[in-house]
Amino acid sequence: MKNNTQQEKDHPSKKIMPETTLKEIKELNTTIKTTSEQIITQTISHLKKINPNRPQEMEYFDELANMFGKRTQELEQYKAEGKKIVGYNCIFAPLELIIAAGAVPVRINSGWYDTSKLGDRVVPVEVCSIIRSTIGAKMIELSPFLELSDVLITVLTCDGMTKLSEILGGYKKVWHLSNPRIKDSDQALKFWNEEIKQIKNNLEKLTGNKITTKTLKPAILKTQKATKAFRRLQNIRKDNAVISGQDALLVTQTFMWDDIERWTEKTNILCDELDRRIQAKEWICPPDTPRVMVTGTPMFWPDNWKLPSLIEEGTPKGILVADELCSSERLLYDPVGIDEWTMTDMLNAIGERYLMACTCPCFTSKDGNEDRINWLLTKIKDHKIQGVIYYVTRGCMLYAMEYTTVKRALDKINIPVYYLDTDYTREDTGQLKTRVEAFLEMLNTQIDL
Amino acid sequence: MTQQQTNEAFWRWQEYQRVMPNKSWTKNDIITAGVDVGSVGSKATVLVNGEIYSWSITRTGSNSSDSAAKALNWALKDTGIQQSDLKYIIGTGYGRVNISFANKALTEIACHAKGANYIWGSQVHTILDVGGQDIKAIRCDDTGRVTSFLMNDKCAAGTGRGMEVFADLLKIPIEKIGEMSLNITEEPPSVSCTCVAFAKTEAMGLLRKGWSKEKVLAAYTKAMAIRMSNLIKRVGLEPALVITGGQSKNIGIVSRVETALEVKCLPIPNWRENGIDPMIAGALGAGIYAKAIYDKTQTTRD
Ligand code: SF4
Ligand code: SF4
């Protein structure tokens, strides 16, 4: 963090990307963007088709799902008004501070399959698909959120993220945010709080707005409300299903680029509708449909989205009722807990919320990443989970390696868990289908003889 | 036994059909069928009251539905049973979703476990299925119900298809490969890579170096067997172990898997004379599930 000023001066001289002609960038951008827009439209209309009685209030999120659409125009508008856009690559970035500084946060991780192939020109295929795809997206300037960002908060959680940060640093101003690998020690928390303070200073300098108790408190209240709406949705998913996992995932996913206040309002309206459906007992699937949870590497819209539909549209069908993904439930599960609205307290509370509550496998502790295990066990109980799919995209060492620990813990409570590895590609869909369906057959009591 | 003679290539295994001896059926019996459309072979079984009656093994063509129809028609040949006599048909395997005449689809994982349970009995708890394009290690309970499973990546390495490539390369009939791979004085080190494309190049290099065909085969078979054993170790071996799919008859594979795991597989029933080819385990399991599901629809209707 200390070197940030130095870095800003250096920018943008270093370029790790290969030379790509403007013409090629333009061509690739047009082709991939067109395909992507088609896929987004297709996926949304498919969701409508498979569920004719889909909640009406999903409409808002359907529109938001087009990342090249209205929201992008809105961000452009903000920028024109002089507001700053702050991109982030990982959920450790403190949203409250960004908001308090009057800037707009957007997450920039890429879910595009096609751009991961472009990333292969820069880094080896062994590298995490998300990282490769994000590099590819930068190469052809595909992601409106990444492109519009004035600065990026890059969290150095894993090797991939660390080096991605350097690559993106060739184009954008980056603020490294370094997280300790152990949470439960005083020096870790101290170090982390310093990092958070540094981000605060950087934000103030960038926007020219001082972060005060007056601005920070409403920002915290805003995310607290979002968390509340979000938890409301999760609670609804604890019993007989009134919303598909695919729809719920879309709602949480769009949080990463929407206006937080509006998202909260719309999510609450959706929950109102779902409550009415519970009253009317309008379940979306038979009560004996196997209840599945997904844990593992994050899934990003629009392409890295094959698993939810495989679970819910195969033969037999399952229902996705919970997940432990940093692209979904982990985004908003924990509120910032405040005792007193003083600056020190608020900053400490933010620091704690982002560090202590996080269950990412980049952490370890005396007993392994026990927070994650406990989180999973609670979810399994609360959501009456019958089987867990452990989802790993190629190249993610952290999730791959933590599988054994998770499996052992779930074996103990007799919950079947299945390791599903995949890549940013559509080619393996057939094989994944067989694997997911065989797992669901295992959970399904109907074919018991 | 009807056989179709096609000897134009070494990799071609024989397609064939058989009707179990000393069995009969009447119109009152519950007749069901299972069709397993794999990437390389399509298999069909016909069951009378849940007992195997006839079956066939054919090569999969370019169209899954046609391949399924061909396999089923052949299984019905000379039995007097018409397709309209079949009460319930379950499709399984890689092409299961495209079988237009099937009443239901189940994965080959569920079906192989069920089929193995039928062939070898309730002592089977671990199944290694070596298909044309993938390997599966399956664990099941006493009733043949799957409790866990693992599948390798979609890749021909160490699968039936890989063996076909080798048969062709070395110009050895596929049925002889297993025996020949054991016809060596000392087990060579395994090839370093089972990827078909690379292994082919590596094999040619070894031949040029003066290795005998047998030795090259041994090295490749060993590499495949290690891959398979590792998959079984990962799923957790619980005896008894059986091997299904085309490679179950490859003695070179079976014996090396047994060595690597230090355990004996249950011997294959005498399939050539009067038994059941383990290659049809998936189709057989599908036929058994077809009977069970049909029964269930009847009881719920009453
Ligand atoms: S998996 Fe962990 S490191 Fe990666 S984005 Fe999510 S929270 Fe951050
Ligand atoms: S998915 Fe894994 S490897 Fe990829 S960025 Fe996240 S933690 Fe790093």
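This is a predicted model: local features need pLDDT of at least 70, side-chain atom pairs count only at pLDDT 80 or more; totals for chains, interfaces and linings use all residues.
Chain B contains 8 helices and 11 strands. Its 302 residues include 59% that count as buried. The accessible surface of chain B comes to about 12400 Å². Carbon and sulfur atoms account for 50% of that surface.

Salt bridges were then examined. Over all chains, the structure holds 48 of them.

In chain A, the side chains of A:Arg121 and A:Glu24 form a salt bridge, with an N to O distance of 3.0 Å. A:Arg121 sits in the loop between helix H6 (113–119) and helix H7 (129–139), while A:Glu24 belongs to helix H2 (residues 22–50), so this pair ties together parts of chain A that are 97 residues apart in sequence. A:Arg121 counts as partly exposed, at 41% relative accessibility. A:Glu24 is partly exposed as well, with a relative accessible area of 28%.

Another salt bridge in chain A pairs the side chains of A:Asp150 and A:Lys79, at 2.9 Å from N to O. A:Asp150 is found in the loop between helix H8 (144–148) and strand E3 (151–155), and A:Lys79 in helix H4 (residues 70–80); the pair therefore ties together parts of chain A that are 71 residues apart in sequence. A:Asp150 has a relative accessible area of 22% and is partly exposed. A:Lys79 also counts as partly exposed, at 30% relative accessibility.

In chain B, the side chains of B:Arg256 and B:Glu187 meet in a salt bridge with an N to O distance of 2.7 Å. B:Arg256 lies in helix H7 (residues 251–261), and B:Glu187 in the loop between helix H4 (177–182) and helix H5 (196–208), so the pair ties together parts of chain B that are 69 residues apart in sequence. The two partners fall into separate accessibility classes. B:Arg256 counts as buried because its relative accessibility is 8%, and buried means under 20%. B:Glu187, with a relative accessible area of 35%, is partly exposed.

Salt bridges also link up through shared partners. One such network joins residues of chain A and chain B. From chain A come A:Lys433 and A:Glu437. From chain B come B:Arg96, B:Glu108, B:Asp129, B:Asp134 and B:Lys136.

Methods: Residues are numbered from 1 along each chain as its sequence is written. Chains are lettered from A and ligands numbered from 1 in the order in which they are written. Side-chain values use heavy atoms; hydrogens and water are left out. Helices (H or I, at least four residues) and strands (E, at least two) are DSSP runs, numbered from the N terminus. Buried means under 20% relative accessible area, exposed over 50%, partly exposed in between (1.4 Å probe, protein chains only). Accessible areas come from the Shrake-Rupley method with a 1.4 Å probe; for residues, only the protein chains shown count as cover. A salt bridge is a side-chain nitrogen of Lys or Arg within 4 Å of a carboxyl oxygen of Asp or Glu.
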